[in-house]
Each structure stands twice: as structure tokens, then as C-alpha cells.
Amino acid sequence: MRERILKGIPISSGVGQGKVFLYRREIPKIEEREIGEGEIEREVLLFRDKIKEVKEELNELHQRVREEMGRDIADLVLFQILLLEDKEINTRVENFIRDKRRSAAFAYYEVIRDYAQSLLNSPIPFLREKEIDINDCAYRVLRSLIGSEFSNAGILLGNWNSRKDVILFADDLTPTEVAILDKKVVRGVALIKGGKSGHIAIMTRAKEIPAIYGIDDLMREENNGRRAILDGSRGIVILNPTEVRIARYEREMKEDEKRKAFYSVVKKEEPVTRDGKYIDISANIEFLGEVEKAKEYGAKGIGLLRTEYLFLSRRQPPSEEEQFFFYKEVSSKMNPYPVIIRTFDLGGDKVLPNYKELNPFLGWRGIRIGLKEKEVLKLQLRAILRASAENKNLKVMLPMISTLEEVQEVKVILGDLKEDLQKKGIPFDVGIELGIMVETPSCALLAERIGHLCSFFSIGTNDLTQY
């Protein structure tokens, strides 16, 4: 067969080779079954037992992901656990069993389908996007209720003994599905739906599985079982690759392994120039699970801890306590090296739900949002201050600064927060440093004057060059 190239959008770099496996998440067809009077309570108890069983299964998965990738990524699994605990849904199912005398499986199927439809009609994007989580959760519960195993998820569970070196094709994947991917089996993931900052991108990167999305004709039956190369860096899948193409990629992969071996030696050396100048080698991260990987590659600090995902991954901004524990954990894991936390840089390509801006890259974004939504900014700064107490290795950095007044206003807020914490006897690092991102022409031109107001600059080359 002729070689064919499918083009998508890269979300996790690397190259994988194997045979295509089409993964379809199909909710079992539930036949309507009427039950007798004497069966009603038995079906209610069966439903309760199966909800408990699936909840235990998801709790174990949540703990495993937390250990492997960190609390923040593990929290992606929580939606399904909360769905299982939803009293309104569970009561509706039990009432359906009793009032309509139908089996637990059929009652749950009808109620959850109605619930999913109500979310799809919601004006809130966050809720609409939860459809795949609901389907995955429903699949687990129904599979348990009717006593069947996953029809085609063995590959995800890593126990599909008849296959190895798989390139997984799917419409989309839920957090629980990505969490159980075995990278020794699944060599690459190609999806129709996805996003560069969504849970699939986050978790495949954490697992170091190459991944791409945005390929419309992916799930054609003719693709199943074909040999393929998935290039997560270039964003392509090559079906039926020629021997010449295979040889080229194998050479690339060998070169990559050589580079990794070289880096593993070099990372142990101190980054000092010949004339004795020490160079900080730090990492940019967004998630807790990335800290260990940064250390593994030799980082001596976090030069940029992005905090946007804390705000974009839920309906409401994270609480002070949620942020406090997150920042404290990053601080402890990276201690004694410094961690620079950038206050939320929303806007641009990270637009808030329901927010409309004709040009968000030039409009309301970064520190402008922070100073407009002062309570949200105060909550974040207070959480950072509290988290700085123990290791004293945290620093604060402000995004998209364009005027002196913006820095001055934040310094006043910081001063008030410190004063309040001192009055209440809550410890924090009194010497915590404040820095800014230089990303706008006005900030670059004001650099000398702004320099008197802060401790360090970080040059945001992408935005500064664009502007």
C-alpha cells in the first residue's frame, strides 16, 4: 500500500512506531427491562454497590496519578469521582427504579443520558466540555452493572498481551483513559479532538508519549492495524511508511538517544564558563509533575512557574488553600533552588470562559486583569507569601507590565498583605523578591526606571518581538 501522511497539531514531542489501534469508547446498549415488585430493592442495592465499586476503582487511579504526575494533574480525575457522589443523580436513578420498575442498568443509562444532554445545552463552556468525562464514567458504571469487561480498553490498561508497539487512534481521551496509558505499549497517540493546553497534552507530555490532535479522518476502519510512524514534534502520522522513511526515522531516534546519553553526563557538570561565570540553568513548568522531570534533566531552579492552568481547569478560581498547598509543594520539591511564580497571565491565547475581546493579545490580559480583579490577585499573592515561609525560595513575577504605575500598585497590595499576615502571626519570607516580565515596548523603554521598583527582569522574547 502507498505511504500516506496525516497532518495534525503537535501536543507532545517525540517519535513512536507501531501498528494502529482504533480505540472507540462505546457505551453498552442497554435493553429496557421491566422488573417485578420483589426485585426493586435488590436493583437499588445493586446500583449502590456498583457505584461504590467504581468509586474505589477511580480513587485508586487518582492516587496512582497523584504519585506519578502530581496532585494538580490527578485532580483531573476528580470530576468523575464527584459525579459518582452526586446525590441528585443517584436519587433520580433510585426513584426511576422504584417508580418505573426498570433495571438499575437501564435506569442509570436513562438518567445519565438526560444529565449529559443538559450539560451540552449549558451556556458555560466548562460544563459542555465535560461530556467525555460523563461518557467515560457512565461506561465504567454500566460495564459494572451488566457485568462486562472493557470491550477494547485492554491496550490502555497495558495488559493486551497479543499486541505491543501501538499507535493509538481515538476521537478523544478522558483524563482517566490517559492516566492508564502504558508507554511501554502505546508508542504514540493521535486524536481528532484535543488542545495544546488540555488534559491530554499535559498528561501525555508527563508520560513522555508522543501525541498530536486535529486529524479529521483518523477513525477510518482501513487505518486499523496499519504500520505507522507518529512524529509528535512535526505533528504528522505516516501510514504505511516506506523502508526509506523508516530508516530515516530510526537514524533520527538513534541520534536522539545519543543526545540524551550526552545530556545525562553533561547535566552533572556545573554550568560555569571558562572565565568563571556561573550560569543559572532553570526550567519552565506548569504542573507539579514536571518538577521531578526538571530536576532529572539537571535544572537548578524554576525560572517560570506558570499558574494559568490553576484558573482555567475549573469553573471558579482556585481557593487560597488550594494555591497555598500547590506552591508549597513546588517549593519543597525544588528546595534549595529558587522558584519564580508568575501571577496568572490570562488573556492572549488563554482566554477566560465567556470573555470576549476583539484582540486579546493586545487588550485586557496579564497584570491588567490582575489589577482589575484585585481580589483574585490578592488571593494568589497571599497564597504565595504563606507558601514562602518554610524554604524561602519563592519569588513573584508579574506578567505583561507596561507602566510604572502597575508595578507600584502591586507593591502597595503586597505591602498590605504582608502587614496583615504579620498582624495575624502568619509566617512568610519577609525578603521575598518581586520581578517583572519585560514583554511590551513601553516596559523595555521604561526598564531603567522600573528597575528601581523590583529585583529582577525576565525578558518575554515572544511577545516583545511580536509587539
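Before looking at how the helices cross, I note that a crossing is right-handed if the near helix is turned clockwise from the far one by less than a right angle, and left-handed if anticlockwise. I also note that what I have open is a predicted model.

**Entry 1, the whole chain.** I began with the protein chain as a whole and found 20 helices and 14 strands in its secondary structure. I then looked up burial, and buried residues make up 49% of the 467 residues in the chain. For the contacts between residues at least 6 apart in sequence, I read that 68% join residues at least 24 apart.

I turned to helix 1 (residues 40-69) and helix 4 (residues 87-100), which pack at an angle of about 155 degrees with their axes 9 Å apart. Because angles over 145 degrees count as roughly antiparallel, I recorded helix 1 as roughly antiparallel to helix 4. From helix 1 the contact takes Ile40, Glu41, Glu43, Val44, Phe47, Arg48 and Ile51, and from helix 4 it takes Asn90, Val93, Glu94, Ile97 and Arg98. Sorted by class, I have six nonpolar, one polar and five charged residues in this contact of helix 1 with helix 4.

Next I looked up helix 12 (residues 289-296) and helix 14 (residues 320-334), whose axes lie 10 Å apart at an angle of about 20 degrees. Since angles under 35 degrees count as roughly parallel, I wrote these two helices down as roughly parallel to each other. Here too I noted a right-handed crossing, with helix 12 passing helix 14. On the side of helix 12 I found Val291, Glu292 and Lys295, which meet Val330, Lys333 and Met334 in helix 14. By class, this contact of helix 12 with helix 14 has three nonpolar, three charged and no polar residues.

I finished with helix 16 (residues 374-387), which has 14 residues and reaches 20 Å from its first C-alpha to its last, close to the 20 Å expected at 1.5 Å a residue. Which residues of helix 16 are buried? I listed Leu377, Gln380, Leu381, Arg382, Ala383, Ile384, Leu385, Arg386 and Ala387. I then asked what covers the buried residues of helix 16. The cover includes helix 13 (308-312), helix 14, strand 11 (339-342), helix 15 (367-372), strand 12 (394-398) and helix 17 (404-423).

Key. Residues are numbered from 1 along each chain as its sequence is written. This is a predicted model: local features need pLDDT of at least 70, side-chain atom pairs count only at pLDDT 80 or more; totals for chains, interfaces and linings use all residues. Side-chain values use heavy atoms; hydrogens and water are left out. Axes are lines fitted to C-alpha atoms, for helices over the stretch in contact, and angles run from 0 to 180 degrees between N-to-C directions. Helices (H or I, at least four residues) and strands (E, at least two) are DSSP runs, numbered from the N terminus. Angles under 35 degrees count as roughly parallel, over 145 as roughly antiparallel, 65 to 115 as roughly perpendicular and the rest as oblique. Contact means heavy atoms within 4.5 Å. Ala, Val, Leu, Ile, Met, Phe, Trp, Tyr, Cys and Pro count as nonpolar, Asp, Glu, Lys and Arg as charged, and the others, Gly among them, as polar. The expected span of a helix is 1.5 Å times one less than its number of residues. Buried means under 20% relative accessible area, exposed over 50%, partly exposed in between (1.4 Å probe, protein chains only).
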